[in-house]
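Please look over the chain shown here, and read the report below alongside it.

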Amino acid sequence: MRRWLRAHPLAVDALLAAVVFVAILLGAATEPHGPDGKPRFGEREVGAASVVLAALASAALLLRRRAPLRVLCVTTLVATLALVLDARSDAGAEHLAPVFLAAAVSLYTVANRTDRATSLRVGAWTVGVLTVGTLLFGPRPWYMQENLGMLAWTGLAVAAGDAVRSRRAFVDAIRERAERAERTREEEARHRVAEERMRIARELHDVVAHHIALVNVQAGVASHVMESRPDQAKQALSQVREASRHALGELQATVGLLRQSGESRAPTEPTPGLDVLGDLVDGFRRAGLHVDVELDLAEVPASRGESGTLPSAVDLTAYRVVQEALTNVQKHAGTGARAEVRIAAADGAVEVTVEDDGAGAPATAGAGEEGGGHGLVGMRERAAALGGSCRTGPLPHTGFRIHVRLPLEGGAHAPEVH
């Protein structure tokens, strides 16, 4: 029913106009003061003027939604005209008094559809006009209940219209806040999903790019020396198998983190860090890359545990940076290159530096070219996630340099990255 009323406002106004028209005529035909003090219906004769004024005031209500102020002016004028005509007739001053019902409905509409300042200002003018008209042309003495009723009805119309408008505004505000909160939750969920996808993409890239690069190099060596030096080819294929086994293990650990609890048992292999840096470097050395490592974590504050123990997020990020940097050297500089890895703690941060001499690399294929890959982008994102920085660029003569600074405080409070 309520939905139908909202969908057909003109029908509602027509029904309201008809009800007001009937109420005005019933009031005009009713004697308010019977012999027993009770009102008597049908005691008065309703004339043509009564019907015309009632019809005019009621018909104006059909436009109350489109032009509320104009409708209020019309109904107030009609109500005042009815008072004047009653004062000059022999029927009694209260004969057409119910015409002000249309003005009261119009006043309610104005208070309901405008702001509070407008409704109070217009309501005061309307109440003043009708009250003055009643005092001048209404029944005597001026304090009769009909005169006071005029003031009460018009004031009640203003109060009711303002109350309904305030309640509607309050409900709309609650609905808007609820919708805004829902949109905020959806945006936050999408943001978290995007961050998680980016983290997974970085992790998979670091795992796959490193091991596949080693597999590619060793497979090329095996293919090249298969006939002339089968022992070396066999050794290269063994390293291919070892690198692929490590790649499958890390992929299994990473994918296992994405599974819901209960689907299968989560992997228990610890997250890689600088404690297995030697195994990582040995893999590159077996692939023909000359790597020198200098590790100094003695400056890590002892309050974090044993001296040299890093926060898990910093530990993993440093490992991944070295892994990606050496992979770039392997891909771009070739097996004849020499790389130097320096990891040191100083001034509340861990600094990771990887430099290569670019030996064997063409002039246009230095390690700094990003091409279509995401290695350097992933390093910058990992460093930024911990509040650190990543600087990359070619060396003065040849080769490439990667320098990453990871604050220890940021790593201590950052969420653990797997």
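## Overall make-up

The chain has twelve helices and seven strands, where helices (H or I, at least four residues) and strands (E, at least two) are DSSP runs, numbered from the N terminus. This is a predicted model, in which local features need pLDDT of at least 70 and side-chain atom pairs count only at pLDDT 80 or more, whereas totals for chains, interfaces and linings use all residues. Residues are numbered from 1 along each chain as its sequence is written, and side-chain values use heavy atoms, with hydrogens and water left out.

Of the 418 residues of the chain, 39% count as buried; buried means under 20% relative accessible area, exposed over 50%, and partly exposed in between (1.4 Å probe, protein chains only). The chain exposes about 23,800 Å², of which carbon and sulfur atoms supply 58%, the areas coming from the Shrake-Rupley method with a 1.4 Å probe, and for residues only the protein chains shown count as cover. Among contacts between residues at least 6 apart in sequence, 67% join residues at least 24 apart, a contact being heavy atoms within 4.5 Å.

## Helices

Helix α6 covers residues 116-137, and its 22 residues should span 32 Å at 1.5 Å a residue, which agrees with the 31 Å between its end C-alpha atoms; the expected span is 1.5 Å times one less than the number of residues. In α6, T118, S119, V122, G123, T126, V127, L130, G133 and T134 are buried. These residues cover an arc of only 140° around the axis, which puts them on the same side of α6, the arc being that of the directions from the helix axis to the C-beta atoms. On the other side of α6, L120, A124, W125 and L136 are exposed. An α-helix has 3.6 residues a turn, so residues three or four places apart point the same way. The N-terminal end of α6 is capped by D115, with a side-chain oxygen 3.2 Å from the backbone nitrogen of A117.

In helix α9 (residues 277-286), the buried residues are L277, L280, V281, G283 and F284. They cover an arc of only 150° around the axis, which places them on the same side of α9. After α9 comes G288, whose phi is positive, near 105°.

## Strands and hairpin

Strand β6 (residues 389-394) contains S389. Six bridges join β6 to strand β7 (residues 400-407), and the two run antiparallel; two strands pair if DSSP finds at least two bridges between them. R391 stands opposite H403 in β7. The two strands β6 and β7 form a hairpin with five residues between them, and G399 in the turn has a positive phi of about 95°.

| Residue | Relative accessibility | Class |
|---|---|---|
| D13 | 2% | buried |
| S389 | 34% | partly exposed |
| E294 | 46% | partly exposed |

D13 is placed in helix α2 (residues 9-28), and, not counting residues up to four places away in sequence, D13 touches L61, L62, R64 and R65. With neighbours within four places in sequence left aside, S389 is in contact with A383, H403, V404 and R405. S389 and E351 are 38 residues apart in sequence and 9.7 Å apart in space, C-alpha to C-alpha. E294 lies in strand β3 (residues 290-296) and touches V341, R342 and I343, not counting residues up to four places away in sequence. E294 and T353 are 59 residues apart in sequence, and their C-alpha atoms are 9.8 Å apart in space.

Key: Polar contact = N/O pair within 3.5 Å; in protein donor to acceptor, adjacent residues only side chain to side chain.
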